[in-house]
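Me: I am new to this structure and would like to learn how to read its features. Please take them one at a time.

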Amino acid sequence: MQILTTKQQLRNFRADVAGTDASVGFVPTMGALHSGHASLVERARAENDVVVCSVFVNPLQFTDLGDCEDYRAYPRDLDADAVLLKSLGVDAVFAPSVEEMYPGGTPRIWARTGAMGEVLEGASRPGHFDGVATVVAKLFNLVRPERAYFGQKDAQQVAIIRRLVADLDLPVDIVSAPIVRATDGVAESSRNARLSPAERAQATALSRALYALRDGASLEQARAQLASSPGITVDYLTVVDPSTLEPVETRHRPALALVAAEVGPVRLIDNLVLDH
């Protein structure tokens, strides 16, 4: 497995692959890898001749362009990530510095995500999805994959990236993989490492609220259940159309239930597809 730290190294790797007619699968990450990431890599490995994974904590998608505690505290362990990725059969890891990705500082030209990026997570984190779309577009241009793999846990991100690819005619297929959950029902996330044992137990309230909606609870009932859960500060619990992110009735199908809440010092998100 090669670890590439510059764009030129990545371009050279991609040029070598281009001469073989091999298909390329790409898994973009911010590192601190867990079983959810591993499931994406395993699927990419099964469906492509070559697998590239990126490890880059993108400051553009954080508050104040990364000048915030959330960015500074984001877990980083490239050595451990590399060990896992090698064991999963990844061919190359692209792990650039911020200066390598943005050599002129904050870019002047961004991808703009419009209304889809201004609701839900975007309402609480203005500019977040513009930062996501910008770095994803850059990575797609560098890696030039046939397929790119994203976790359904970040459902709003998946919907926006699908629209990015469609609206900008980017030649890549977006593959969304199901959420990986721990035995307690909590969706796997790098942020979970920042939860204390007590906070981890409290975090199970998010998935319980989603399952309540699936099982027939009204949105008001599920919101009340979540709001009364200890240690939970709710940002939103809502049901939307999965392709437009516009609110729909809970009986609408297909639908997507999404939740975001603060648990201790950590903001957690989760979602559940309501398809029956």
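**Reading the features**

Reply: This is a predicted model. The largest pocket has a volume of about 200 Å³.

Me: How is such a space found, and which residues lie nearest the centre of the largest pocket?

Reply: Rolling a probe the size of a water molecule over the atoms shows where empty space is left. Here the largest pocket has 16 lining residues, and Val55, Phe56, Val57, Arg76 and Pro96 lie nearest its centre. Sorted by class, its lining has 11 nonpolar, two polar and three charged residues.

Me: How many disulfides does the structure hold?

Reply: A disulfide is a covalent bond between the sulfur atoms of two cysteines. The structure holds zero disulfides.

Me: What span should helix H7 have?

Reply: Helix H7 covers residues 128–143, and at 1.5 Å a residue its 16 residues should span 22 Å. The C-alpha atoms at its ends are 22 Å apart, which agrees. H7 is mostly covered, with 14 of its 16 residues buried. Just after H7, Arg144 has a positive phi of about 50°.

Me: Which residues of helix H10 are buried, and why do they lie on the same side?

Reply: An α-helix has 3.6 residues a turn, so residues three or four places apart point the same way. In H10 (residues 219–227), the buried residues are Leu219, Ala222 and Leu226. They cover an arc of only 65° around the axis, so they are on the same side of H10. Glu220 and Ala227, on the other side of H10, are exposed.

Technical notes. Residues are numbered from 1 along each chain as its sequence is written. This is a predicted model: local features need pLDDT of at least 70, side-chain atom pairs count only at pLDDT 80 or more; totals for chains, interfaces and linings use all residues. Side-chain values use heavy atoms; hydrogens and water are left out. On a 1 Å grid over the protein atoms alone, a cavity is a set of points where a 1.4 Å probe fits but cannot get out, and a pocket is an open set with protein on both sides within 12 Å along at least five of seven lines; lining residues have an atom within 4 Å of a point. Grid points are joined across faces, edges and corners, and a volume is the space filled by probe spheres set on the points. Ala, Val, Leu, Ile, Met, Phe, Trp, Tyr, Cys and Pro count as nonpolar, Asp, Glu, Lys and Arg as charged, and the others, Gly among them, as polar. A disulfide is a pair of cysteine sulfur atoms within 2.5 Å. Helices (H or I, at least four residues) and strands (E, at least two) are DSSP runs, numbered from the N terminus. The expected span of a helix is 1.5 Å times one less than its number of residues. Buried means under 20% relative accessible area, exposed over 50%, partly exposed in between (1.4 Å probe, protein chains only). The arc is that of the directions from the helix axis to the C-beta atoms.
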